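Welcome! Here is a short briefing on the pockets of the protein shown below, with a look at what lines them.

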Amino acid sequence: MDYYQDDQIRIRDLEEADAEKIAAAERAQGWEASADKYHIRLKDAKADRAVALAAEYEGETAGYINIYYNCTGGPFAGSGLPEIVDFGVLQKYRQHGIGTKLMDAAEEIAGRYADTVCLGVGLHQGYGSAQRMYVKRGYVPDGSGVWYAGRICEPYSACCNDDDLVLYFSKKLS
């Protein structure tokens, strides 16, 4: 299914063939990447727990985003709010509006299920562009502080600045 299309950008359902393409492109960027996480997203979409989207730029797979209907982790767990999970645009396709179109589609889908959407974002510099984008789009921190490995990171406790160090945000959609 297509969610958006113009002369350069197309937002559509993630397909099986995208999994290895995206993982290979991420490895080429120097990331530790496996197609497994995309296969999990496809499985969750097939089980009707999520919508998994891919972006194309001039016909090439360029990014991805996932919308889960019910957040299961962090401060919003069990709230019934949809959650945006695992959003990325491959480096060579950035600055073309792809991330904006992926977020537009994700928020539109989330808005079908609730008036608020949530997400978690990593804190290291690799997440810098996403952090800025979320703030510009009106996302606000939930106020619970930093989480590490799925739990609140207590003040003055040790943690590692890896992908498990997260701050949670939400946005009112209506």
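By class, five nonpolar, three polar and three charged residues make up the lining of the second largest pocket. Please keep in mind that this is a predicted model. The points below start with that pocket and then turn to the largest one.

**Second largest pocket**

- This pocket holds about 150 Å³ of space.
- Its lining includes Lys21, Ile22, Ala25, Ala28 and Gln29, along with Glu60 and Thr61. Leu90, Gln91, Lys92 and Tyr93 also belong to the lining of the second largest pocket.
- Two or more of its lining residues come from each of helix 1 (16-28) and strand 4 (60-68).
- Helix 1 is the top contributor to this lining, giving four residues.

**Largest pocket: size and centre**

- The volume of the largest pocket is about 1,500 Å³.
- A set of 47 residues lines the largest pocket.
- Nearest to the centre of the largest pocket are Asp86, Phe87, Gly88, Tyr127 and Ala130.

**Largest pocket: where the lining comes from**

- Three helices supply at least two lining residues each: helix 2 (36-46), helix 3 (98-110) and helix 4 (128-136).
- Strand 5 (83-89), strand 6 (116-122) and strand 9 (165-172) also supply at least two residues each to the lining of the largest pocket.
- Strand 5 gives the most to this lining, with seven residues.

**Largest pocket: residue classes**

- The lining of the largest pocket has 18 nonpolar and 17 polar residues, together with twelve charged ones.

Notes
Residues are numbered from 1 along each chain as its sequence is written. This is a predicted model: local features need pLDDT of at least 70, side-chain atom pairs count only at pLDDT 80 or more; totals for chains, interfaces and linings use all residues. Side-chain values use heavy atoms; hydrogens and water are left out. On a 1 Å grid over the protein atoms alone, a cavity is a set of points where a 1.4 Å probe fits but cannot get out, and a pocket is an open set with protein on both sides within 12 Å along at least five of seven lines; lining residues have an atom within 4 Å of a point. Grid points are joined across faces, edges and corners, and a volume is the space filled by probe spheres set on the points. Ala, Val, Leu, Ile, Met, Phe, Trp, Tyr, Cys and Pro count as nonpolar, Asp, Glu, Lys and Arg as charged, and the others, Gly among them, as polar.
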